[in-house]
Amino acid sequence: MAAEIIGFDKNKKRISTQQLLQEIYSALDKGETEFEILSSGHHNIGGPLWTENGTPLKFKVKNPGQRVGSFGLDGTTIIVDGPTPADAGWLNAGAELIIKGDSGDTTAHCAAAGKIFVAGRVGTRSGSLMKHDPAYEAPQFWVLRNTGSFSFEFMGGGIAVICGVDCADYESVLGDRSCAGMVGGTVYVRGPVQGLPDDVWLLELDEADREFLSLGLPEFLDKIERTQHLELLNDFSQWKKIVAQTFEERKQRHAMRISMREFRLNKWVGDGGIFGEIVKDNYDHQAGLVNIGADRLKIPHWQNKAFCAPCEAACPSSIPTQDRINLLRAGKYQEAIELVLQYSPFPGSVCGEVCPNPCMDACTRQFIDLPVSMQELGKLSIEAESPTPKADSGKKIAIIGGGPGGLSAAWHLRLLGHGTTIIEADREVGGKLRQVIPTDRLPADSLDQEIRRVKDLGVAIQTDTPVDKALFEKLQQDFDAVVIASGAHNPVVIPFPGHERLVKGLEFLKDVNNDLQPEVGEKVVVIGAGNAGMDACLGAYAMGAKQVTAIDIQRPAAFKKEIEHFEKLGGKIEWPTFTEKVDAKGLHTKDGRLLEADTIIISIGERPDLSYIPRDWLNERGMADVDDCGQLNRAPGVFAIGDTIAPGLLTHAIGHGREAAEQIDDFLAGNELVAKKKLPQISQECLSKELFRPHNRSRFNFTDATKETNRCISCGTCRDCGMCLEACPEGAIRRDDCQDGSFEYVSDDQLCIGCGICAGICPCGIWGMEQIV
């Protein structure tokens, strides 16, 4: 029988909250575990309480005050017969709180675990600052009707479900300015939604979402005694989910900001900075006396390959272009074109055709004339012979997805001697390389040739095989390791009014490439001016559009040549342009303009569908939850790469594939997995760019990539020019040949005076001067 606790004394006068709580504590000490409490606005009922033997606690409460269930612990159930005021479930740490009525402001505020069920509405800032400690189950917050404004403000984790019952006439079931500052977690919502910030996505449900709601809704409705709504709420076509944008996605939105480095050099120190006259670099400081040996103020060190070249540092696949060019410079053509295959199986189709080439953006040569042509270098390797794989290890690895990341992982695993099988849902491997990139950007024969090279290496491929939960479990049983490389194929849609009219860019491009002739109107607007957006624009023209306009909120990220091609067709690009709504007339901008359109295509990114793996293997952003080695935190032997862990370029997926292969090789050998990091990038200050003669930019013709050997500075890697040896005034430097065929330059401490001429004359930045304090 439950212990009865009444919030009034014998004279029917309300007792204090402290007195009521003391009665609860006293009954608990006597062994009571069930309580019926008649309150009169008393605070903090229901937590944090526990029993020594772990027996669950149960509270039935009427007329509670603020913070009912606050700090509630695992094993505590609190049932409120009626409504509650503010702060119900505040900082919930595991309790189950059932509210059979409305709940006030800041319900579930800072909840970190447990479940909160509300049979009505909740007030302002409910769900704010919800969080999730990965060591525990994520908190859940279920609401039958709607929330007040500012709900889920600064949400960092957990799951919220807003059912929107009897709210069809509301402008927004989440009130105004919901999800501001949201960085994690998931909000499932049914009904109209308005006023979401720009840094969250409103997405369609995937299979895992529908499964979660299918399991959770009956329990919720049973708890609050509203089971009559189950049929209504099981219509998942009325549901959406809200998730925060990733750091990378937010960073892209703010790409127009100057970097911290630019601020420091141009605004803080350096020429023109407010402290420019105070802060000085003492790199060229010379000692007053000429000394040798330990008396020198600076000591030179030959630091060959101690630093990463800017191109290699910027390349997500870590291709050391400077090594490739040094081999060409030495006349080792075959070795040069085969070297890149140790890093990527797609030097021609990706590096040479569709990659945005961040390596060229980082290339030091751009400060002299133009960057080294990485695209032409990549095309040299299209017909290169495959390296010879190591001896067969007898190990088998399954790779889910035959896109660039999956093919890269398979390629590198085969080179390491392991058996690999790609499981591909489409009729042919290639992923987005084959599905969405137009053939005028990526010639089909180049892609086919490089995929054939992967197949010829001995990679087994199963096409037309979508992976579901059952197949995934079988792959885990049948293979020694699994790589998740299924990419991101769920298009992101911005939740502005009329978004249901949008054509999803990825699906449109797939239809174009599959020759399904998708229909478009004469006037087309494409939201998104990246390379995928430009592909959609070109696809619209190919499908018969007469006028195509691309819009973006920032400077278009597409290649210059893609933009020029689009504009030559008559296309227009407008930025920064922000969408207010979409209707039958076209796209309305936030500055009051109408862009007339028969068809509006959105192409701003995609999210992965990972419904075939357990939900608790995902992080708060719905991506695979991996450690620094790419292995799933909750699934040893399962690795994830590419867009399944973070949005990125094709070459990011390729680089991830190589990294995963190396980690799997260690995993299969029983070695401890250690995150692999790139060497630090060499500083531009270490490179003697003035030694190189600039070419006339208007006369460049990059048809012969082998001639780039004369232009590459070979940043951070010695090109064996001997300039340091010839320039040393004391003759302290010598060149030694090593037994493995390599070489090194050595400074004799007893001859060197620490003058730094070797460092100053070295075009590659190899010599570094150590300052002696």
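Residues are numbered from 1 along each chain as its sequence is written, and side-chain values use heavy atoms, with hydrogens and water left out. Because the model is predicted, local features need pLDDT of at least 70 and side-chain atom pairs count only at pLDDT 80 or more, while totals for chains, interfaces and linings use all residues.

**Stop 1: the second largest pocket**

Select A138, I159, R615, D616 and L618, which lie nearest the centre of the second largest pocket. A pocket is an open set of points on a 1 Å grid over the protein atoms alone, where a 1.4 Å probe fits, with protein on both sides within 12 Å along at least five of seven lines. Its volume, the space filled by probe spheres set on the points, is about 1,200 Å³. The lining has 47 residues, each with an atom within 4 Å of a point.

Next, colour the strand β5 (93-99), one of the elements that give two or more residues to this lining. β5 gives the most, with 4 residues. Strands here are DSSP runs of E, at least two residues long, and helices are runs of H or I of at least four. By type, the lining divides into 18 nonpolar, 13 polar (Gly is counted here) and 16 charged residues (Asp, Glu, Lys and Arg).

**Stop 2**

Select I399, M534, V548 and F566, the residues with the most contacts inside the largest nonpolar core, which has 88 residues. A nonpolar core joins buried Ala, Val, Leu, Ile, Met, Phe, Trp, Tyr and Cys residues through side-chain atoms within 4.5 Å. Buried means under 20% relative accessible area, exposed over 50%, and partly exposed in between (1.4 Å probe, protein chains only). Apart from this core lies another, of 47 residues, among them F141, M155, I162 and A244.

**Stop 3: R711**

Move to R711, in the loop between α19 (650-668) and α20 (723-727). Is R711 buried or exposed? R711 counts as buried because its relative accessibility is 3%.

**Stop 4: N326**

Finish in helix α7 (residues 321-329), at N326. At 17% relative accessibility, N326 also counts as buried. Beyond its neighbours within four places in sequence, N326 is in contact (heavy atoms within 4.5 Å) with S714, T717, C718 and R719.
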